[in-house]
Amino acid sequence: MWDRRHVISIDDFSREDIEDVLKNTAKMDEYLEKGNVPELMKGKILATLFFEPSTRTRLSFEAAMQRLGGTVIGFSDPSATSIKKKETTADTVRMAAAYADVIAMRHPYPGAAKLAAQVSSVPILNGGDGSNQHPTQTLLDLYTIKKELGTLDGIKIAMVGDLKYGRTVHSLCTALKLFDATFKFISPEQLRMPDTYKRGLTYEETTELDVSDADVVYVTRIQAERFPDPAEYEKLKGFYVINKKVVSTMKEKSIIMHPLPRVDEIHYEVDSDPRAKYFKQAYYGVPTRMALIAMVMGAI
Ligand code: NCD
């Protein structure tokens, strides 16, 4: 049995931990496909505390809990809670831990999930803390790559877009390092991958959108909400667009991923290309989060 209580950072995962999650995700994926999901979370409650906007992460956590027979409480608009009366994040988490058996949380401040784990009596699943980490997204990203390409070992991944503020690419780098991936970081100068995530990686770095040698092209949104100066965002928006022409240069057996939401960085004309996997990727959030919930609750 897996004895991990919290999922805060992908740094806490060994290769074996990741493989365990992927194995359990495959089981959940199969249960969903066959329509015979065991009620592993019957009588249990998930609290979703979303201090920042979300569509996929929150809804897939909620769907995951309900598929497993559990129920959900929570908020997605903190201004309708006592946070508006200046209650602290720590006290909000303490209360949710008193009402629920497991908590999924998203917060704008890096480190908020770690703080939540320190005060919570129930497992915390980090659904994104500022520009820092998004470990459950990484696990569903890894599941997508494994399922679509058959392996995680030695892949070449091109990460495109906002590599400075994008938490999904930060977590994904750390995880893929364990599988000897080769990285190509494609970003505007101002949005380069921070040094801390590049340490120990085999990588090249460029501003040029050449994805012809990649097995995975992982596209990200320019994170407008993290820019201290909105004028800087205005200069960089629309910097890269993956369109049919770009896709025509890609290898036949390669995939295009994006954590979504997309703004304008992948043209709609790409959606019908067989290599476009971003909607499937978003769907895999459900089996991945089912596996994680069941694992931290000691149910599998
Ligand atoms: C991402 C996030 O919130 O970090 N979305 C997600 O969880 N699927 C990516 C983004 O917002 O650009």
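Student: By class, what residues make up the shell around the ligand?
Tutor: In this predicted model, the shell around the ligand has 5 polar residues, together with 3 nonpolar and 3 charged ones.

Student: And which residues are they, by name, that surround the ligand?
Tutor: The ligand is surrounded by Thr57, Arg106, His134, Gln137, Arg167, Thr168, Arg221 and Gln223, and also by Pro259, Leu260 and Pro261.

Student: Which atom of the ligand does the polar side-chain atom of His134 lie 2.8 Å from?
Tutor: That side-chain atom of His134 lies 2.8 Å from an oxygen atom of the ligand, and a polar side-chain atom of Arg167 likewise lies 2.7 Å from a ligand oxygen.

Student: OK, and what about Leu260, how far is its backbone N or O atom from the ligand nitrogen?
Tutor: For Leu260 the distance is 2.9 Å, running from a backbone N or O atom to a nitrogen atom of the ligand.

Student: How much of the ligand's accessible area does the protein cover?
Tutor: On its own the ligand has 320 Å² of accessible area, and the protein covers 94% of that; the space that the ligand takes is the largest pocket.

Student: Switching topic, what domains does the chain have?
Tutor: The domain assignment gives domain 1, made of 10-133 + 284-296, and domain 2, which is 136-282.

Student: How far apart are their C-alpha centres, and how many residues are in contact?
Tutor: The C-alpha centres of domain 1 and domain 2 lie 24 Å apart, while 31 residues of domain 1 are in contact with 28 residues of domain 2.

How values were computed:
Residues are numbered from 1 along each chain as its sequence is written. This is a predicted model: local features need pLDDT of at least 70, side-chain atom pairs count only at pLDDT 80 or more; totals for chains, interfaces and linings use all residues. Side-chain values use heavy atoms; hydrogens and water are left out. A residue is near a molecule or strand if one of its heavy atoms lies within 4 Å of it. A polar contact is a pair of N or O atoms within 3.5 Å; within protein, one must be able to donate a hydrogen and the other to accept it, and residues adjacent in sequence count only if both atoms are side-chain atoms. Accessible areas come from the Shrake-Rupley method with a 1.4 Å probe; for residues, only the protein chains shown count as cover. On a 1 Å grid over the protein atoms alone, a cavity is a set of points where a 1.4 Å probe fits but cannot get out, and a pocket is an open set with protein on both sides within 12 Å along at least five of seven lines; lining residues have an atom within 4 Å of a point. A molecule sits in a cavity or pocket if more than half of its atoms lie within 2 Å of its grid points. Ala, Val, Leu, Ile, Met, Phe, Trp, Tyr, Cys and Pro count as nonpolar, Asp, Glu, Lys and Arg as charged, and the others, Gly among them, as polar. Domain bounds come from an automatic or database domain assignment. Contact means heavy atoms within 4.5 Å.
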